[in-house]
Amino acid sequence: MESFEFLKDLALIIVSAKVLGLVAHKLKAPQVVGEIIAGLIIGPSALGLVGQSDFLSRMAEIGVILIMFGAGLETNMKDLMKTGPKALLVALVGVFVPLAGGALTYMLIYGFSEWGSEGFMRAVFIGTIMTATSVGITVQTLKELGHLKGRIGTLILSSAIIDDIIGIIVLTFVVGFKDPESDPLDVVGRTGLFLLFSVLVGILSYYVFKFIDKRYPHKRRIPILGLALCMIMAYSAEKFFGIADITGAYVAGLILCNLRDSEYIAEKMDVSSYMMFGPVFFASIGLKTQFDGFTPELLLFSAAFVFTALITKVIGCGLTAKLLGNNFKDSLKVGVGMMTRGEVALIVSQKGLSVGLMEPTYFTSVILMIIVSSISTPIILKLLYRGEDKADTPAPAVQTTQ
């Protein structure tokens with residue numbers, strides 16, 4: 001890359017991502033869809049105006065770290081703890097069923113592999129992509145319908161928060177087991193040590209930040225120090241424990257999420273993420289997506305991938321809600337509300353690409369999953385709530401992690 005070529009690339013990415021993000025928003029789709037399409041258009045697959053580079057890859061990595069840090073910051077731990085075992089059970093089944101369904105779908109199309117082999121790990125990773133829920137579209141739909149704070153709305157949002165946490169833990173294990181010669185006990189041990197490290201650092205950091213926050217409220221030094229904590233946790237996760245850096249960034253957000261100025265920190269982080277690093281990350285997905293290897297077999301896989309991703313969430317979460325005493329219609333609302341996928345699916349896919357668990361051509365399948373789930377979920381929810389009065393009894397609002 002020439003000395004100043006990266007400046008042109010950044011300008012093209014920022015402008016195209018913003019314009020197409022606004023177009024996507026106007027069409028009632030997530031803005032990230034527009035940003036991904038922007039990367040497709042200006043990237044090697046179409047116009048070829050911007051190519052992949054180490055600089056853009058590093059920028060994208062910072063982008064995903066900031067996104068996960070923000071997701072942790074926006075988690076309301078107090079409300080999360082109040083939701084009880086019901087949301088936890090819905091989330092657990094809602095992770096396991098797509099994980100198993102995704103792995104089985106991959107193996108049915110590409111063949112079954114031995115336990116622990118590279119093919120087996122690729123199949124498990126495909127299932128891992130399906131685990132995390134993105135409820136941004138669901139939240140907006142429930143707001144419009146007047147059911148966001150109702151009993152079912154609260155259950156959906158609480159389950160989605162736990163769902164994301166479990167999904168990140170699953171990703172950590174899958175990445176750790178990537179090496180066929182890896183010792184399962186070693187992976188479990190490193191994960192346990194990281195959790196212990198996170199608790200110790202979290203307790204110490206929380207009280208240090210609480211003191212600073214009390215003495216210097218609403219000062220820019222707080223988000224600056226928060227960003228430093230984010231980077232240290234991301235670095236420590238990868239360097240010392242062999243765990244995905246995004247896990248460390250997410251934990252850093254959880255550590256600070258109950259601070260009085262947590263929203264202020266998130267607001268300052270959002271400026272950098274929204275204006276530059278976030279668009280670069282999502283556009284980089286488009287830049288890396290390849291169509292030259294899109295075969296009839298891959299088309300079949302994409303169709304099966306999207307169908308499995310949607311139906312397994314409906315079955316897993318909906319059936320669990322039914323077993324917890326909800327009627328069929330309310331259970332279906334829970335399953336459909338957990339059906340959407342978004343940023344976390346892209347983040348998991350990006351991590352899989354970087355460690356060799358996924359080929360770039362499969363990004364097309366992931367993008368199709370996000371688009372289809374983002375369009376179908378609001379439509380189905382509106383049909384399910386048709387004719388019902390708005391929720392009368394408000395429930396504690398739970399923030400989403402997406």
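Me: Which helix do Lys333 and Asp330 both lie in, and how many residues apart are they?
Reply: Both sit in helix α14 (residues 328-337), three residues apart, or about one turn of the helix. Keep in mind that this is a predicted model.

Me: What makes the Lys333 and Asp330 pair a salt bridge?
Reply: Their side chains meet at 3.1 Å, N to O. The cut-off is 4 Å between a Lys or Arg side-chain nitrogen and an Asp or Glu carboxyl oxygen, so 3.1 Å qualifies.

Me: Where does Ile152 lie, and which residues is it in contact with beyond four places in sequence?
Reply: Ile152 belongs to helix α8 (residues 151-176). Leaving aside neighbours within four places, it is in contact with Asn326, Asp330, Lys333, Val334 and Tyr385. Its relative accessible area is 7%, under the 20% limit, so Ile152 counts as buried.

Me: How do you know which residues are linked in a network with Lys8?
Reply: Lys8 forms a salt bridge with Glu5, closest N and O atoms 3.1 Å apart, and another with Asp9, also given as 3.1 Å. Glu5, Lys8 and Asp9 are therefore linked in a network of salt bridges, each pair being within the 4 Å cut-off. A search of the whole structure finds five salt bridges.

Me: Why are Lys8 and Glu5 about one helical turn apart?
Reply: Because they are three residues apart in helix α1 (residues 5-26).

Me: How do you know what span is expected for helix α10?
Reply: Helix α10 (residues 221-241) has 21 residues, and at 1.5 Å a residue the expected span is 30 Å. From first C-alpha to last, α10 reaches 29 Å, close to that value. Just after α10, Gly242 takes a positive phi of about 65 degrees.

Definitions and conventions
Residues are numbered from 1 along each chain as its sequence is written. This is a predicted model: local features need pLDDT of at least 70, side-chain atom pairs count only at pLDDT 80 or more; totals for chains, interfaces and linings use all residues. Side-chain values use heavy atoms; hydrogens and water are left out. Helices (H or I, at least four residues) and strands (E, at least two) are DSSP runs, numbered from the N terminus. The expected span of a helix is 1.5 Å times one less than its number of residues. Buried means under 20% relative accessible area, exposed over 50%, partly exposed in between (1.4 Å probe, protein chains only). Contact means heavy atoms within 4.5 Å.
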